[in-house]
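Please read this briefing alongside the sequence and the 3D view. It covers salt bridges and the surroundings of a ligand.

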Amino acid sequence: MTFQDLQLLPQLLRAVEDLGYEAPSPIQAQAIPPALAGRDLVGCAQTGTGKTAAFAIPILQRLNGQVGKTHTPIRALVLTPTRELALQIKESFDQYGKYLPIRHTVIFGGVGQGPQVEALQKGVDVLVATPGRLNDLCNQGFIDLTHIETFVLDEADRMLDMGFIHDVKKVIARLPKKRQTLLFSATMPQEIADLSKTILVKPARVEVTPQSSTVEAIEQRLYKVDKGNKKLLLQFVLADKSLDSVLVFTNTKHGADRVVKDLTRAGIPAMAIHGNKGQTARIRALDSFKSGEIRVLVATDIAARGIDVAELACVVNYELPNVPETYVHRIGRTGRAGRGGLAVSFCNYDELAYLKDIEKLIKKKVPVVEDHPWPMEIFEATPKAQRPPRPPRAERQQAAQPKTKPAEKAPKQPQKPVLAVEQPPVQPKMPKAAARRDPPRPAPQAGTEKSIPRTETKPIPLPAPVLPDPPKSPVRRISSDPPRVGRLMAFADGRKHRKPRRKG
Ligand code: AMP
């Protein structure tokens, strides 16, 4: 199939040609025709499959010819969970719509609302938004959603993971009943399946690359290593200069900062991107990474969601995720648009159980690199006093779907921060080579070692028994939205002044 076969406007054909797209991706080929026909649609697809064009192109085509006046109402809304995704979707509208007179803008939390309100007041046809900021601006009367003709709910499962589902429902309640709805989700948890039944009318169903099959295109390698040696192992992996863009995943924000610190000390420039970083810092890190100024970007899962870097050479799982689907999401970053990539995972003894869950999901063993300078030497679980217990899988999945609402600015990680807890300094964590005194065992050349991953045949020892969940700390709302703190302070202040005075 070609883009011409989809009967797109010449302006859209020219735009995709400019981008060098030769043919529609499977999700585009399947989703564009029903979306152009005005049908509702449910698409099971993750970022990297070309799903943005699958909804942006039909929206642009359908809106064309009926836009351009300054105060026309917003007619298409794309709701997406993170600022990074929102910005990328906006960029996609810039690219696909560059020959069309359709105005679009993006709004998200974590930055001042002034410029966003100004952009809205100039008149907008397509609005890309994150749910918290959208509801805020609706409540303030800056946005009217009653004329929406097409509504896109992007990454619906992630909305649920991040605790935004109530905000999403509030947005849906503001939309007119008669509209086209396109829902995209990488997975279809029950709550999303239920929601889709209530918001979609006879939807076309489109599914591409089931999660575990995207893994096929990616070369996976597993390094068994002690926790204390991971930083040295990372430097060893990065010695392979052919890995020119490397995305390193940690399970926690604190972990991401520590990895950046270790790499910087070792003379390897790196930056971190996570929920505690301000918007400017995130954009700077992403830009530096995309431009090749830095080779290594360290990210937590939610911050990395939607990062679209063409030709990402390698993904490193510095820590294995305790939700196996997250592993698939992470390594999928390196196999974008059909290109294969390399996914390297570090696994210490405590993480062997996560590895087992991952291998069960992807239905194969991750090939183990046995010959490396920092092999695992600790074969016992970290004392329980120093690490939180690993809950049963059902509980972990439930934990990935919090009922409370964290803020967009610092979204709650879907996983429990099992690996965030500092372990005691790993004693004698000297690499084997150093223990034997120098000269150290010649490390395999990073470049040559590439071809020798072997599948391990040894049985995998499992860590200590499963214990119940530790008590959850309350969800902290770190929002840019001023009213809560402001109102509270004003209230406290007001109360103080209202206190009745005693006579005399
Ligand atoms: P998305 O899943 O929309 O984030 O897209 C992932 C990447 O694939 C982006 O870099 C797009 O520019 C690219 N892409 C989208 N559609 C196509 C296509 N038909 N051919 C080649 N690349 C594409």
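D301 is buried, at 7% relative accessible area, where buried means under 20%, exposed over 50% and partly exposed in between, with a 1.4 Å probe and protein chains only. This is a predicted model, in which local features need pLDDT of at least 70 and side-chain atom pairs count only at pLDDT 80 or more, while totals for chains, interfaces and linings use all residues. Residues are numbered from 1 along each chain as its sequence is written, and side-chain values use heavy atoms, with hydrogens and water left out.

**Salt bridge of D301 and R330**

- The side chain of D301 meets that of R330 in a salt bridge, 2.7 Å from N to O; the term stands for a side-chain nitrogen of Lys or Arg within 4 Å of a carboxyl oxygen of Asp or Glu.
- Helices are DSSP runs of H or I with at least four residues, strands are runs of E with at least two, and both are numbered from the N terminus.
- R330 is also buried, at 1% relative accessibility.

**Other salt bridges**

- Salt bridges that share partners join K51, D154 and E155 into one network.
- The count of salt bridges comes to 13.
- One of them is between the side chains of D18 and K98, at 2.9 Å from N to O.
- D18 is in helix α1 (residues 10-18) and K98 in the loop between α4 (83-96) and β3 (104-107), so this pair links parts that are 80 residues apart in sequence.
- D18 is partly exposed at 42% relative accessibility, and K98 is partly exposed at 44%.
- K90 and D94 form a salt bridge of 3.1 Å, N to O, between their side chains.
- Both K90 and D94 lie in helix α4, 4 residues apart, about one turn of the helix.
- K90 is partly exposed at 21%, as is D94 at 32%.

**Ligand surroundings**

- An N or O atom in the side chain of Y21 is 2.5 Å from an oxygen atom of the ligand.
- A backbone N or O atom of A23 is 2.8 Å from a ligand nitrogen atom.

Definitions and conventions: Polar contact = N/O pair within 3.5 Å; in protein donor to acceptor, adjacent residues only side chain to side chain.
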